[in-house]
Amino acid sequence: MTSFNELLASALAPITLISGVGLLMLSMSARYNHATSRIRLLMNERLDPKLTDDERADIDDEIDFIFHRAGLLRRGEFCVVLSAVVSGLLVALCVLEEATGFSADILNSALLLASVALVLSTVFLSLEIRLSLRAIKLVVSKLPPVADAFDDAVAARAAQAVEARHQSHVLNEARRQAEHAASHEVRKAEGGHSA
């Protein structure tokens with residue numbers, strides 16, 4: 001029983017490391033998927049013939065930022081996978097050592113050192129987040145001033161209201177004409193019966 005407890009204690013740290021690696025991998029995969037989806041959307045948006053050259057250049061800059069972010073995330077995910085594989089090997093080696101009594105301290109130390117690739121993945125994730133903030137800053141810098149945007153929104157709402165009134169007027173006029181034509185047909189039909 002004591003040997004099993006020792007085995008469990010020696011395997012617990014790498015197993016905990018594997019679960020942390022899994023959470024980090026999940027987070028990085030979600031960010032990578034978002035980056036690739038955003039690149040596809042921007043590529044479709046770039047094909048719009050109404051865009052000016054400046055707008056296309058802005059889209060190209062944003063695509064470059066996101067592509068660079070995706071590259072950082074890919075490198076980070078590679079480090080996470082490496083750390084997970086090495087942690088799994090570390091668990092297997094701990095179990096093998098306890099089962100056979102064979103001591104592989106040098107190999108254990110090398111695997112433990114290699115599992116620190118997890119630190120590199122967090123560095124890549126930090127660089128990606130920093131680049132993401134720069135991309136957001138680029139997009140925000142291209143937005144019109146708040147007063148102009150507010151004026152544009154007010155003008156758009158006013159135009160929608162005018163259009164709605166015009167549509168309502170057209171519909172009412174069409175309804176009146178239809179009612180007038182229907183009553184005219186009824187009078188004609190009544191006049192035909194009385195004759």
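This is a predicted model: local features need pLDDT of at least 70, side-chain atom pairs count only at pLDDT 80 or more; totals for chains, interfaces and linings use all residues.

Modeller: Arg 69 lies in helix α2, helices being DSSP runs (H or I, at least four residues) numbered from the N terminus. Residues are numbered from 1 along each chain as its sequence is written, and side-chain values use heavy atoms, with hydrogens and water left out. Confidence in the protein chain is highest in α2, at a mean of 83.

Arg 69 has 8% relative accessibility and therefore counts as buried, a class that means under 20% relative accessible area, with exposed over 50% and partly exposed in between (1.4 Å probe, protein chains only). Leaving aside neighbours within four places in sequence, Arg 69 is in contact (heavy atoms within 4.5 Å) with Arg 31, Glu 128, Leu 131 and Ser 132.

With Glu 128, Arg 69 forms a salt bridge (a side-chain nitrogen of Lys or Arg within 4 Å of a carboxyl oxygen of Asp or Glu), and the closest N and O atoms are 2.7 Å apart. This pair links distant parts of the chain, since Glu 128 is in helix α4 and Arg 69 in helix α2, 59 residues apart. Glu 128 is itself buried, with a relative accessible area of 0%.

Glu 128 also forms a salt bridge with Arg 31, again with the closest N and O atoms 2.7 Å apart; Arg 31 lies in helix α1 (residues 2-46), so this pair ties together parts that are 97 residues apart in sequence. Arg 31, at 26% relative accessibility, counts as partly exposed.

Methods:
pLDDT is the predictor's confidence in each residue, from 0 to 100. Helices (H or I, at least four residues) and strands (E, at least two) are DSSP runs, numbered from the N terminus.
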